[in-house]
Amino acid sequence: MAKKDYYEILGVDKDADKDTIKKAYKKLALKYHPDRVSDDKKEKYEEKFKEISEAYTILSDDKKRKQYDSFGHDAPNQGFGNSGFGGFSGDNLSDIFKDLFESQFGGGSFRDRHRTRVGDDLQYGLTIDFEEAAFGCEKEIEIRKNVSCEFCGGTGAKDKKLERCDKCHGEGRIEINQRTPFGIFRQVVVCDKCGGEGKIPKHRCGHCNGNGIVHNKIKIKIKIPQGIDNNQVVRVEGKGDSIKNGKNGNLFLIINIKPHKIFKRDGDDIYMDFSINFSQAALGCKISVPTLTGTKKIRIASGTESGTIVRLKEEGVENVNGYRIGDQFINLKIKTPKRLDRKQKKLFEELAKLEK
Ligand SMILES: [Zn+2]
Ligand SMILES: [Zn+2]
């Protein structure tokens, strides 16, 4: 049976860089790890796992990869082939296994214990008015999220008293043996009983059940910058989920702007229609048009046609990054009178005569 192409096995391009290859391998290795399936599928997974590990062993090694690129699988005399793999215990693999198991168990090694844990980021859709988006605003929203328990100060302990964890003897880490198709890997992982803290509550806090974290509805005040546009995202630092003994995640607000009665927005520019009547268009006139900040008087030249666009410079929205102010565009529409009184009718008839 022909052997499958290593690149194909990992699902990467022939010119993929090392990082891409590593990522692809990690993803597949997690998926096909034999310890992750029921017994009936184990054999199949083990087979697949070996296949991807073999592909990774070759492609992650510059020399072996070059040989493979030149000669493919059929290179028995190139110091390659099955014996050339040198087994699967290469540095690359053991490194990646370490990575793999650390991420898989959400734990990490003793070193990682000092890495700050961060709560989840949260997303929230926020609908605001047209003007609020144009000028910026302050909003108060109410969301449900994980927050530090106020009764125990986030310690999880009634009276905030903690004692040494008996599972890890205060070390915060324990050793486990991880069985893989290539042997047993000894791993040091974070103690699951104390979450790596080495300490556990003497008496659990009844409000958070010892978690130090509760899921509550809370109010958050938010500043929305001027010029924000539809579907833009406002990042609110530290207002995501809280996590015990860690940093809060962030909150991301996805902005939705309500339509305006008069204006339409396109980027920083705003658009509107404005109706004038026949005689105004013919004779020229002064009109007062609404702007974002009030009204503005503009001159309409005599003989203006329907569909003429008037531009008001910098009457639009100030860009969210502040580098420009948009313009306002007014699309002039000429109203044709629908119902004429007797006098109007007479005047139009006079006009018609003249136009002949
Ligand atoms: Zn412990
Ligand atoms: Zn509590």
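Biologist: D159 is found in the loop between β3 and β4. What is its phi, and is D159 buried or exposed?

Modeller: Strands here are DSSP runs of E with at least two residues, and helices are runs of H or I with at least four, both numbered from the N terminus. This is a predicted model, in which local features need pLDDT of at least 70 and side-chain atom pairs pLDDT 80 or more, while totals for chains, interfaces and linings use all residues. Residues are numbered from 1 along each chain as written, chains are lettered from A and ligands numbered from 1 in written order, and side-chain values use heavy atoms, without hydrogens or water. D159 has a positive phi, near 60 degrees, and is not a glycine. D159 is exposed at a relative accessible area of 57% (buried is under 20%, exposed over 50%, partly exposed in between; 1.4 Å probe, protein chains only).

Biologist: Where does E314 lie, and what is its phi?

Modeller: E314 lies in the loop between β16 and β17. Its phi is positive too, about 55 degrees, although E314 is not a glycine. At 47% relative accessibility E314 counts as partly exposed.

Biologist: Which strands form the sheet that contains β16 and β17?

Modeller: Two strands pair if DSSP finds at least two bridges between them. The open sheet has 4 strands in the order β12-β13-β17-β16, with mixed pairing. β12 (264-266) and β16 (309-312) are the edge strands with a single partner each, so one side of each has no neighbour in the sheet. The twist averages 30 degrees from one strand to the next, using lines fitted to C-alpha atoms and angles from 0 to 180 degrees between N-to-C directions. β16 and β17 (residues 328-335) pair in the antiparallel sense over 4 bridges, and I309 stands opposite N331 in β17.

Biologist: Which residues coordinate the zinc ion (ligand 2)?

Modeller: A donor is an N, O or S atom within 2.8 Å of the metal (3.2 Å for Na, K and Ca); water is not among the atoms, so sites may look incomplete. The SG atoms of C149, C152, C205 and C208 coordinate the zinc ion (ligand 2) at 2.3 Å. The donor residues are spaced C-x2-C-x52-C-x2-C in sequence. C152 is in the loop between β3 (137-148) and β4 (162-164), and C208 in the loop between β7 (199-201) and β8 (213-224), so the pair ties together parts 56 residues apart in sequence. Both C152 and C208 are buried, and C149 is buried at 1% relative accessible area.

Biologist: How many disulfides are there?

Modeller: The rule asks for a pair of cysteine sulfur atoms within 2.5 Å. The count comes to 0 disulfides.
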